[in-house]
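Welcome! Take a moment to look over the sequence and the 3D view, and then we can walk through a few spots together.

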Amino acid sequence: MITEHEPQTALDTRFSSPDATATAWPEGRAGLAAAELYWLSTVRRDGRPHVTPLVAVWLDGALCFCTGPTEQKARNLAHNPRCVLTTGAGVLREGLDLVVEGTAEPVRDDATLRRIAAAYVEKYGEEWTFEVRDGAVHHESHEALVYRVAPATAFGFRKGEYGQTRWRF
């Protein structure tokens, strides 16, 4: 099991209200864990960006998600594992939008995959039940690869009293 460590936290005053304070990492981490929908940004071989919504779980200091081995995001990550995951409320004056920059690492260990599969059921319900075998998860007749993205850098964009926080790991 991988454990988390506290990042360096800094408020970017250039993009923050005069009285803003940095958002503490536990609040940012809680927002990442609680979100239901995320947007994954990857890069195609020819350099064009690719963005797609997906569901994910926070486990052992990282966001974990799955995708079919032939999907565009899997092909992109095989070529370039650097990616960005974002989440937040689509409103202007309240909430905390979150951005995680990192490297997508394939998860192939069946014991870890079982923990991730259990986290999906706990968060999203029984319809997200996966069978784990052969270094992948399976749902009905579909195989999915699992990736984990531990933050290298993360950002929190507080709205209302605007504040931009950067967390470096």
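## A leucine at the surface

In this predicted model, L37 has a relative accessible area of 42%, so it is partly exposed; a residue would need over 50% to be called exposed. You can find L37 in the loop between α1 (25-34) and β2 (38-43).

## Salt bridges to look for

The model has 9 salt bridges. One of them pairs R29 with E6, with 3.8 Å between the closest N and O atoms. R29 sits in helix α1 and E6 in the segment before β1 (8-12), so this contact ties together parts 23 residues apart in sequence. R29 is partly exposed at 22% relative accessibility, while E6 is exposed at 53%.

Another pair to find is R115 and D60, whose side chains meet at 2.7 Å, N to O. This pair links distant parts of the chain, 55 residues apart: R115 belongs to helix α3 (residues 110-124), and D60 to the loop between β4 (57-59) and β5 (62-67). D60 has 17% relative accessibility and counts as buried, because the cut-off for buried is under 20%. R115, at 33%, is partly exposed.

## The annotated domain

UniProt lists residues 26-152 as "domain: Pyridoxamine 5'-phosphate oxidase N-terminal", in an unreviewed entry. In the model, this span is 25% helix and 45% strand, and its end C-alpha atoms lie 16 Å apart.

Key:
Residues numbered from 1 in each chain as written. Predicted model: local features only at pLDDT ≥ 70, side-chain atom pairs only at ≥ 80, totals over all residues. Heavy atoms only, no water. Helix = DSSP H or I, 4+ residues; strand = E, 2+ residues; numbered from the N terminus. Buried < 20%, exposed > 50% of the residue type's maximum accessible area, 1.4 Å probe, protein only. UniProt positions renumbered as here; feature names shortened; annotations may be inferred. Salt bridge = Lys/Arg side-chain N within 4 Å of Asp/Glu carboxyl O.
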